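Welcome! Please have the sequence and the 3D view ready.

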Amino acid sequence: VLERQANQKEFGLPVWEYLGIAASDERIRNGRQMLRKHRALFNTIEQAFGVEPEVVAAIWGLETGYGVVMGDTPVVPALATLAFAGRRAAFYESELVAALRLIQLKRLRADRVEGSWSGAIGHGQFMPSALLEFGVDLDGDGRTDVCHDDPTDALASVANYLKKHGWRKGQPWGIEVRLPEGFEFALTGLDQTLTIPEWAGLGVSTVDGGKLPDYGAASILLPAGASGAALLITRNFHVILRYNKAIAYAIGIGHLSDRLSGGKPFATVWPSGDRELSRGDISEAQFLLSRAGFDPMDIDGMIGPNTTRAARAFQAANRMVADGYIGSELLAALRRTRD
């Protein structure tokens, strides 16, 4: 369990490699088959919760391969292990209590509670606390069964989770955009938002040069830095992050849902020649940023808004492209400050 926590794909792979897994041809093909097979169910869920079928299917597909791999790790021992010796021990302790509560309420059977190494359960890989709060008995049999072969309750629970966290039907998670020459990269990052007219006024357009659709305040995300794809991110992206806070995961869900809807692959070529930093490298970068006076708040080997903000400030102060990207170039510059 502890080894698997230390090697999560969404945190350890370059974003372009992760997307190759998340939106593979096989996953897209299987997802479209599942949308056809369960069309009536997906339509019912969309009407009840206001979440597009492709979005729910994308989460189902990425979490468990559409119900094929729901995990065979005993959930209670896994959560106890993580609560005692893992990262985010307090979080996993609360999830352990939630799992025991589900057993007490007879919503789970103690001898059949199996899932992922992290304690996630069923088709949508719900954490126990989320199942307690957002689980839905859509088939009306008196219990919320997210592990049964029939995915009805599980998919409804996924949609309910997104709805309760503010999902806006008809709004994309984000779109690929084109940035103009001389763009101020310091404006990018999930912690900074502008209105669509403001982005358009700065010369930002759709990736094919068209007018930006207006879905309200948005951010520009550069998941591979200034040399990779630029994504205009809406509120719905942040809702996906509530399901899993890894940036690559949220992009993966968004992109897979687009492909299930008939959308195209990203137009921009990813900078696949750049070396992706390991968790240890990221921790080192965070430490060196802090020592240089640019506090990332945590030294945890995970890239979040605070680390990105600190990186942008360091880059700006050192006349680098201030895109906030934690890559090999930034790490080399930080190491020079140490030397």
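## Salt bridges, rings and a covered helix

At 28% relative accessibility, Arg-335 counts as partly exposed, a label for values between the limits for buried (under 20% relative accessible area) and exposed (over 50%), computed with a 1.4 Å probe on protein chains only. This is a predicted model, in which local features need pLDDT of at least 70 and side-chain atom pairs count only at pLDDT 80 or more, while totals for chains, interfaces and linings use all residues. Residues are numbered from 1 along each chain as its sequence is written, and side-chain values use heavy atoms, with hydrogens and water left out.

Let us stay with Arg-335. Its side chain forms a salt bridge with Asp-281, with 3.9 Å between the closest N and O atoms; the term stands for a side-chain nitrogen of Lys or Arg within 4 Å of a carboxyl oxygen of Asp or Glu. Because Arg-335 lies in helix α16 (residues 328-338) and Asp-281 in helix α14, the pair ties together parts that are 54 residues apart in sequence. Helices (H or I, at least four residues) and strands (E, at least two) are DSSP runs, numbered from the N terminus. Asp-281 has 12% relative accessibility, so it counts as buried. A network of salt bridges links Asp-281, Glu-284, Arg-335 and Arg-338.

How many salt bridges does a search of the whole structure find? The search finds seven.

| Salt bridge | N to O distance |
|---|---|
| Arg-335 and Asp-281 | 3.9 Å |
| Arg-309 and Asp-191 | 3.0 Å |
| Arg-312 and Asp-191 | 2.9 Å |

Asp-191 sits in the loop between β3 and α11, and Arg-312 in helix α15, so their pair ties together parts 121 residues apart in sequence. Arg-312 counts as buried because its relative accessibility is 8%. Asp-191 is partly exposed, with a relative accessible area of 29%, and Arg-309 is partly exposed too, at 36%.

Now for the rings. The whole structure holds twelve aromatic pairs, meaning rings of Phe, Tyr and Trp (its six-membered ring) with centres within 6.5 Å; planes under 30 degrees apart count as stacked, over 60 as edge-to-face and the rest as tilted. Tyr-161 and Tyr-243 have ring centres 5.2 Å apart and planes at 80°, so they are edge-to-face. This pair links distant parts of the chain, with Tyr-161 in helix α10 (residues 152-164) and Tyr-243 in helix α12 (residues 235-243), 82 residues apart. Both tyrosines, Tyr-161 and Tyr-243, are buried. Together with Phe-126 and Phe-134, Tyr-161 and Tyr-243 form one aromatic cluster.

Another edge-to-face pair joins Phe-294 and Phe-314, at 5.7 Å centre to centre and 90° between the planes. Phe-314 counts as buried because its relative accessibility is 2%.

Finally, look at α10, the helix that carries Tyr-161. Is α10 mostly covered or mostly uncovered? It is mostly covered, as eleven of its 13 residues are buried. These buried residues pack against α5 (39-49), α6 (53-64), α9 (128-134) and α12, where contact means heavy atoms within 4.5 Å. After α10 comes Gly-166, whose phi is positive, near 105°.
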